[in-house]
Amino acid sequence: MSLIDSLPRRKAFSSEVDAGSREENASKQKSGAPFRSDRNGSSSSAPKLPKVDGLIPWIVPLAIVLVWQLACVTGFVPSRVLPAPTDVALAGWKLLLSGELVRNIWVSFWRASIGFVIGGGIGFAFGLANGLSQLSAKLTDTTLQMVRNIPHLALIPLVILWFGIDESAKLFLVALGVFFPIYLNTLHGIRTVDPQLIEMGRIYGMTDGELFRRVIFPGALPSIFVGLRFALGIMWLTLIVAETIAASSGLGYMAMQAREFMLIDVVVLSILIYALLGKLADSASRALERLTLSWHPAFQKK
Amino acid sequence: MQEALRFQSVDAEPVDRADIVVQARQLRRGSEGATRGLSLTIRGLRKSFGDNEVLRGIDLHIPSGQFVAIVGRSGCGKSTLLRLVAGLDAPTAGSIAFGETPRAQDVRVMFQEPRLLPWARVLSNVEVGLGRERSSADAQARAERALVEVGLGDKRGQWPSVLSGGQKQRVALARALVSQPRVLAFDEPLGALDALTRISMQQLLERVWRDQGFTAILVTHDVAEAVALADRVLVIEDGRIAQDVTIDLPRPRRRGSAELAALEGEILKHLLEGSEDTQ
Ligand SMILES: Nc1ncnc2c1ncn2[C@@H]1O[C@H](COP(=O)(O)OP(=O)(O)O)[C@@H](O)[C@H]1O
Ligand SMILES: [Mg+2]
């Protein structure tokens, strides 16, 4: 379906405009609807400054780093409160050379993804089942809604008792945290698919499988993505808390170790890396969204 | 054998000034496997929703290939009747019989909303109309032909969201036509369009009906539209057919002509009297 993406949708510049609109007129006459003005033809593209556009979001972060550096260098902020960006970068470089940084990032990343896949997978499965089957919904939805009201981080003491500070403790917490946003949004997405479209699919003889693949799933996808983005946020949050409390490796553990030895630059570094990973996950899900929801008016003309 | 059937349908068409063009079109379509419309017989049809008795005994025969318009006040059961004919709901009592047992793709409905899949390109949306034949080798070619038929051949790769209301409705028409149905039921398909788009859509409906020879059942609240397009106008009142008017005017009909206006006035008068009775 997305193979047809490559068809020309580009706006023409001045010299091409004439040819374009002539074509448009011709097609209007052919189609026998001379009164319709074509939306493609009438939208005017404002002059753009393409290079600057991409840089604008980075101006504020860069300015903050700059002010931060200045404040530290001038001694306005003591380095025991907040180390200068250059010190943080230096600490990062040292940890990178020793291999510690990569190892800890990898451990955290691994926990995050495995926990996410398990919790997200189960949440998605329950969302599908309860969205598609009345029986399944009656059987499990109330129970799940009750469990939802327990803040999953409140389970940490219990989880430590059950699993110790084993890997499974962190995976369990991440999976539990990720489960609900995925479950709820998948369910909501499926329940709110336009019933008229479903009726249309049935009229045109779609089998259950086809109906799911061509109507229900694509219709639920925008909502599923909302759940995905929520879940990614919760995933990092859960992991940070779990790793600072009960772990012997990972970014959170690295930060806690650094705190014991008063290495404030490493603490700040860990926080920044968490932020970066969070941003990365969000960007990845946005890219996926843009790719699969290219039909959606919100993702067109950009 | 199929050929013979098709030529019969040409003969059955009303003859008028443009008959040569129509015959040429029929011949052209002939090689593409067009079929003629199915006749339809409804007997003692009733439909209730709980205590609400909507249809109270409809008896009706629609000959093969006829263009029937159904008018009536809002809530009188027009959509209900159409859904019964299309097999979307089951009647409470009575029967609906077609001249031949229709296959699934022989009866198609078009609604007021285009009901296009927003996540499928225009061409894929039309392919949906092929029903079980969606995966056949010539599916795409057939869908493209149907799009050209409604004048949207150049929009095949667009998303539905960039189309205008009239264009969306034409895609929905192409989707309904692509399986070459023998009965096509329309539930106020032009109700949401502006006046000018409506007129060009009416002309398109009339053209494809003449090209393909299906039996057309058009529900509309616009009496002018009904008399302009149909061979016969049915007025539904109190769950029954209150009036059955034959529109015996040559095609193409000129909008705003005196004959059309007179017929429209007569039907409207009846409708208005009916509403005064009940108030
Ligand atoms: N699925 C349904 N359940 C209950 N009542 C219905 C249903 N569909 C239609 N009705 C009722 O049937 C009557 C006729 O509806 P409808 O056929 O849609 O009228 P219209 O002539 O405006 O198309 C209305 O009173 C409506 O409330
Ligand atoms: Mg209706």
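Start at A:M262, in the loop between α11 (251-260) and α12 (264-292) of chain A. Helices here are DSSP runs of H or I with at least four residues, strands are E runs of at least two, and both are numbered from the N terminus. A:M262 has a phi near 60°, a positive value in a residue other than glycine.

A word on ground rules: this is a predicted model, in which local features need pLDDT of at least 70, side-chain atom pairs count only at pLDDT 80 or more, and totals for chains, interfaces and linings use all residues. Residues are numbered from 1 along each chain as its sequence is written, chains are lettered from A and ligands numbered from 1 in the order in which they are written, and side-chain values use heavy atoms, with hydrogens and water left out.

**Stay in chain A**

Select A:E167 and A:R111. Their side chains meet in a salt bridge at 2.8 Å, N to O. The rule asks for a side-chain nitrogen of Lys or Arg within 4 Å of a carboxyl oxygen of Asp or Glu. A:E167 belongs to helix α8 (residues 167-191) of chain A and A:R111 to helix α5 (residues 100-132) of chain A, so the pair ties together parts that are 56 residues apart in sequence. Over all chains, the structure holds 22 salt bridges.

**Colour by confidence**

Chain A averages 82, and 82% of its residues score at least 70. Its residues 1-45 stay under 50; the model has 46 contacts for them beyond four places in sequence. Contact means heavy atoms within 4.5 Å.

Chain B averages 85, with 85% of the residues at 70 or above. Over residues 1-34 of chain B the pLDDT is below 50, and this stretch has 35 contacts beyond near neighbours in sequence. Where pLDDT is low, the predicted coordinates should not be read in detail. For the model, ipTM is 0.81 and pTM 0.78.

**Move to the chain B hairpin**

Strands β1 (residues 40-49) and β2 (residues 52-62) of chain B pair in the antiparallel sense over 8 bridges. Pairing requires that DSSP find at least two bridges between the strands. Opposite B:I42 stands B:L60 in β2(B). The hairpin leaves 2 residues between the strands, and B:G50 in the turn has a positive phi of about 60°.

**Find the cis bond**

Go to B:R251 and B:P252. A cis peptide bond joins them, with omega about -5°. B:P252 sits in the loop between β9 (240-246) and α9 (258-278) of chain B.

**Finish at the interface**

Show both chains. Here 38 residues of chain B are in contact with 32 residues of chain A. The two chains bury about 3,400 Å² between them, 55% of it on carbon and sulfur atoms. That area is the accessible area (1.4 Å probe) lost on putting the parts together, summed over both. Highlight B:R115, B:W119 and B:R121: they supply 22% of the area that chain B buries against chain A, more than any other three residues.

How values were computed
pLDDT = per-residue confidence, 0-100.
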